[in-house]
Amino acid sequence: MSGFLPYGRQTIEDDDIAAVAEALRGDFLTTGPTVEAFETAFAQKVGAEHAIAVSNGTATLHLAMMALGVGEGDVCVAPSITFLATANCARYVGAEVVFADVDPDSGLMTPDTLAKALNGAPGKRIKAVLPVHLRGDVCDLPALKAMASASGAALVEDAPHALGSIATFGGIPHPVGDGAFSSFASFSFHPVKTLATGEGGMLTTNDPALAAKARLLRSHGMVREPGGDPWWYEMPELGFNYRIPDVLCALGLSQLTKLDRFVARRRELTALYAKLLAERTPRVRLAASPAYSNPALHLLTVLIDFEAEGLSRRTVVDTLKAGGIGTQVHYIPVHRQPYYVNRQGLADLPGADAWYARCLTLPLYPTMTDGDVERVVDALAGILG
């Protein structure tokens, strides 16, 4: 057996290490010029007017909620298949969460599932809709935007999985994060994401007022008067310390120059998985991808009917692990978490439950070889027969 294959892994190269070392030798470790340089380069890469770098992906969502004025008495709609932060950010500001169901084969919020969620919240003040570009596949943004706007809500793309993904709507390709359909797009740079800074996140927007608000709230809500006393500041409203260090932005800048290469390799590996799965274990299939979506997959998720196979998912996971192959499950439906069940009862979301019952995430990262993919597929085929 060769080395262990985790489901995700950062790709850190010598020039990344050199960039971090150079930042450590500089005058700033935090809140320095490298932060702004990273923001500028990132905004240019995704085609947005503004980018705001922060300490982690959860902070991006919290800042988005605050910048949009979401608060007590408001309601946010989030899909149940996502990480906890997508829903929790609404609770951080006192808003309630209505969970939308998802397509059982893609895991994505759809216009139909959003409509059902909105119809299930009559008379409630919907303030934000948060579609998640699960795995890297993009939601139907024009349709979701129209529905959110008709409800008086802002659209906030939860896009940590989708850096480098492109969706074509009306014949026009849109990089995720370009702000064409949303008030904000949120990204994360956790190590297993497409671009890594260790921890860190980015908000993108085309609205200068929202960008200014997010920047203000990122640093304790402090303002300084231009030309005033150099020590003077005021805090007109409550903010947080969600700043990101220069040293992490130095890593992010270096990683950003490799994004196209990382994305291309992820697409190559995904295509190879699709080919080999169809040939060697056709009962295992990749999660569905909408026709308009050209994803840079962060997660390689397959669907397996474990019940029909006569195997538990735990048996498959443990057997693969014994063979040096790591897996993960993305995600446990958030509407089933005890906090939300205790707060609002258990919602009936059959699409989310069907997705969870069948999903399994397999290894995918740029330094994998074609042989690694064959090893994973053959191991699955050996377990499932």
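Asp16 and Lys258 are both buried, where buried means under 20% relative accessible area, exposed means over 50%, and partly exposed is in between, with a 1.4 Å probe and protein chains only. The two form a salt bridge. Their closest N and O atoms are 2.8 Å apart. By salt bridge I mean a side-chain nitrogen of Lys or Arg within 4 Å of a carboxyl oxygen of Asp or Glu.

Before going on, the ground rules. This is a predicted model, with residues numbered from 1 along each chain as its sequence is written. Local features need pLDDT of at least 70, side-chain atom pairs count only at pLDDT 80 or more, totals for chains, interfaces and linings use all residues, and side-chain values use heavy atoms, leaving out hydrogens and water.

Back to the pair. Where do Asp16 and Lys258 lie? Asp16 is in helix H1 and Lys258 is in the loop between H8 and H9, so the bridge ties together parts 242 residues apart in sequence. Helices here are DSSP runs, H or I, of at least four residues, while strands are E runs of at least two, numbered from the N terminus.

Next, Glu13. Glu13 forms a salt bridge with Arg261, with 2.9 Å between the closest N and O atoms. Glu13 sits in the segment before H1, and Arg261 sits in helix H9, residues 259-280, so this pair links parts 248 residues apart in sequence. Glu13 counts as partly exposed, at 24% relative accessibility. Arg261 is partly exposed too, at 45%.

Asp318 bridges to Arg314, and the closest N and O atoms are 2.9 Å apart. These two are four residues apart in helix H11, which means a separation of about one helical turn. Asp318 is partly exposed, at 36%. Arg314 is exposed, at 60%.

Across the whole structure, the search finds 24 salt bridges.

On to helix packing. Two packed helices are described by the angle between their axes and the distance between the axes. Take H3, residues 57-67, and H4, residues 85-92. They pack at about 40 degrees, with axes 9 Å apart. Axes are lines fitted to C-alpha atoms, for helices over the stretch in contact, and angles run from 0 to 180 degrees between N-to-C directions. That angle makes H3 oblique to H4.

Which residues meet? From H3, Thr58, Leu61, His62 and Met65; from H4, Ala85, Thr86, Cys89, Ala90 and Tyr92. Contact means heavy atoms within 4.5 Å. The contact residues divide into six nonpolar, three polar and no charged. Ala, Val, Leu, Ile, Met, Phe, Trp, Tyr, Cys and Pro count as nonpolar, Asp, Glu, Lys and Arg as charged, and the others, Gly among them, as polar.

Last, the backbone. Most residues other than glycine have a negative phi, and most peptide bonds are trans. Thr31 has a positive phi of about 55 degrees. Thr31 is in the loop between H1 and H2, partly exposed at 47%. His220 also has a positive phi, about 65 degrees. His220 is in the loop between H7 and H8, partly exposed at 31%. And the peptide bond from His330 to Tyr331 is cis, with omega near 5 degrees. Tyr331 is in the loop between H11 and H12.

Notes: Angles under 35 degrees count as roughly parallel, over 145 as roughly antiparallel, 65 to 115 as roughly perpendicular and the rest as oblique.
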